[in-house]
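I set out these notebook entries as I looked through the structure shown below.

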Amino acid sequence: MAFAPRNVFITGGAGFIGANFVRHWLARPGEGRVVVFDALTYAGNLDNLAGLDRDPRYLFVKGDICDEAAVRALLEQQRIDTVVHFAAESHVDRSILGPDDFIRTNIVGTHSLLKAAKALWVDKKTVPDHRFHHVSTDEVYGSLRPDDAPFQERSPYAPNSPYSASKASSDHLVRAYHETYGLDTTVTNCSNNYGPYQFPEKLIPLTIVNILLGKPLPVYGDGMQVRDWLHVEDHCRAITLALNRGKPGEVYNIGGNSETSNIEVVRTLCALVDETVGARPDLRAAFSASPAVRGARAADLITHVRDRLGHDRRYAIDYSKAEHDLGYAPGRDLAEGLRATIDWYLTNTRWWLALLGRDYAEWLAKNYSR
Ligand code: NAD
Ligand code: TYD
């Protein structure tokens with residue numbers, strides 16, 4: 001029977017995917033309440049949730065998922081029956097520089113949430129029906145060679161970075177809480193997301209922003225690493241399907257059917273941004289350092305830099321289980337999704353300039369009056 005969440009606790013809802021999910025959820029009039037729980041780290045941003053506080057179904061609470069007592073009290077007070085768990089440290093490069101936060105949030109934090117949910121839902125039976133949905137990544141499966149078959153749910157775990165190892169660990173804990181204690185869990189392991197509200201440290205937003213500002217576009221190593229890009233709206237739809245139709249204890253791989261090398265993604269963004277900036281006088285005035293303004297090519301900004309340590313060569317996802325069991329299929333192809341994403345970053349300049357810090361405040365005042 002389909003599961004119908006009533007009161008949903010969304011961890012990490014002020015981050016990139018979490019905020020898109022909150023918006024996706026509240027855009028559906030029939031859906032119940034959401035309590036967004038987020039520590040507002042560098043990646044969490046209340047601007048991502050702007051305007052939602054007008055909806056009576058929305059509540060934001062600042063807090064740390066490692067604080068089990070606070071989580072448990074909120075789950076009880078708010079009569080939560082569903083957790084959708086996004087909160088994490090999510091950037092591979094940061095995990096290489098300093099793994100500690102990843103171990104704390106991704107492993108200890110996930111365990112703290114599981115303990116709180118079990119204490120209420122399994123031990124005290126505070127709600128008639130419940131669901132703990134864990135949002136994970138395809139990176140737990142490691143790296144594929146060019147001719148390997150895409151990752152399936154049964155592929156062995158072989159994480160290569162501190163980030164993916166911490167996510168793998170959290171996946172195992174979720175599984176154990178289902179198998180051992182009977183917590184109703186579902187897990188989605190998805191490929192690289194892109195779209196609105198993505199922090200400009202990840203490849204796609206970083207590239208767009210740097211082209212607009214005329215800064216170098218760092219490509220790690222030869223740029224031939226392959227990712228299966230998934231538009232964040234497709235991911236949000238997949239999570240909703242997993243909540244409604246997924247079977248407790250099951251894992252679903254979610255992909256975008258868009259395997260593409262990094263260098264190809266960067267070159268495509270260069271061409272699309274050149275075309276858009278070149279055609280619009282308002283953008284030429286605002287982004288005077290962007291190469292298209294002086295008739296040059298953004299691709300000339302591409303700079304091959306030292307490769308990431310332990311860099312996974314290829315990820316690819318077989319989402320046939322989600323297709324068969326949940327009715328999931330990606331809706332956006334990559335070219336269309338990249339165009340829409342560029343449009344979003346061009347329309348929401350203030351959002352990303354604010355993140356880049358005070359250096360740009362002056363630039364903003366001088367160059368961008370919208
Ligand atoms: P993000 O870094 O943009 O956001 C993470 C959010 O979690 C932020 O709002 C941050 O403030 C919050 N957070 C961090 N530590 C916290 C803590 N201790 N307590 C409470 N909140 C905390 O991440 P994202 O890209 O939106 O990713 C969301 C989830 O999806 C993560 O679990 C990530 O592993 C997974 N995922 C991401 C991608 C991707 O391409 N971005 C792909 C697959 C899976
Ligand atoms: P990223 O967006 O960091 O996601 P992930 O590491 O989770 O896949 O990186 C995507 C790919 O792009 C990855 O192969 C690393 C590469 N990359 C670059 O080449 N240059 C960059 O500046 C960044 C941030 C990433």
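**Entry 1: ligand 2**

The model is a predicted one, in which local features need pLDDT of at least 70 and side-chain atom pairs count only at pLDDT 80 or more, while totals for chains, interfaces and linings use all residues. Side-chain values use heavy atoms, with hydrogens and water left out, residues are numbered from 1 along each chain as its sequence is written, and chains are lettered from A and ligands numbered from 1 in the order in which they are written.

I then listed polar contacts (pairs of N or O atoms within 3.5 Å; within protein, one must be able to donate a hydrogen and the other to accept it, and residues adjacent in sequence count only if both atoms are side-chain atoms). Polar side-chain atoms lie at these distances from an oxygen atom of ligand 2: 2.6 Å for Glu139, 2.7 Å for His311 and 3.1 Å for Arg227. On its own ligand 2 has 510 Å² of accessible area, and the protein covers 96% of it; accessible areas come from the Shrake-Rupley method with a 1.4 Å probe, and for residues only the protein chains shown count as cover.

Helices (H or I, at least four residues) and strands (E, at least two) are DSSP runs, numbered from the N terminus.

**Entry 2: Thr207**

I turned to Thr207, which is found in helix α6. Is Thr207 buried or exposed? Thr207 is buried, with a relative accessible area of 3%; buried means under 20% relative accessible area, exposed over 50%, and partly exposed in between (1.4 Å probe, protein chains only). The side chain of Thr207 reaches the backbone oxygen of Leu203 at 2.7 Å. Leaving aside residues up to four places away in sequence, Thr207 touches Leu217, Val266 and Leu269, where contact means heavy atoms within 4.5 Å.

**Entry 3: ligand 1**

I counted 28 residues around ligand 1, and the closest are Ile17, Asp38, Ser90, Tyr163 and Lys167. An N or O atom in the side chain of Lys167 is 2.6 Å from an oxygen atom of the ligand. A polar side-chain atom of Asp64 lies 3.0 Å from a nitrogen atom of ligand 1, and a polar backbone atom of Gly44 is 3.5 Å from an oxygen atom of ligand 1. The protein buries 96% of the 840 Å² that ligand 1 exposes when taken alone.

The shell around ligand 1 has 13 nonpolar, 12 polar and 3 charged residues. Helix α1, strand β5 (131-137) and helix α5 (162-181) each supply at least two of its residues, with the largest share, 3 residues, coming from β5.

**Entry 4: helix α1 and the cores**

I examined helix α1 (residues 16-26) and noted that it is mostly covered, as 9 of its 11 residues are buried. Among these are Phe16, Ile17, Phe21, Val22 and Trp25. The buried residues of α1 pack against several elements, including β1 (7-11), β2 (33-38) and α7 (232-245).

I next looked for nonpolar cores (sets of buried Ala, Val, Leu, Ile, Met, Phe, Trp, Tyr and Cys residues joined through side-chain atoms within 4.5 Å). The largest has 58 residues, of which Phe21, Val22, Val34 and Trp352 touch the most other members. Helix α8 (residues 262-279) gives the most to this core, with 8 residues. Apart from it lies another core, of 23 residues, among them Phe37, Ile80, Ala117 and Val187. Not counting residues up to four places away in sequence, Phe21 touches Ile10, Val84, Phe86, Cys236, Ile239, Thr240 and Leu243.

I checked Ala271, found in helix α8, and it counts as partly exposed at 45% relative accessibility. Ala70 in helix α2 (residues 68-77) is also partly exposed, with a relative accessible area of 29%.

Conventions: A residue is near a molecule or strand if one of its heavy atoms lies within 4 Å of it. Ala, Val, Leu, Ile, Met, Phe, Trp, Tyr, Cys and Pro count as nonpolar, Asp, Glu, Lys and Arg as charged, and the others, Gly among them, as polar.
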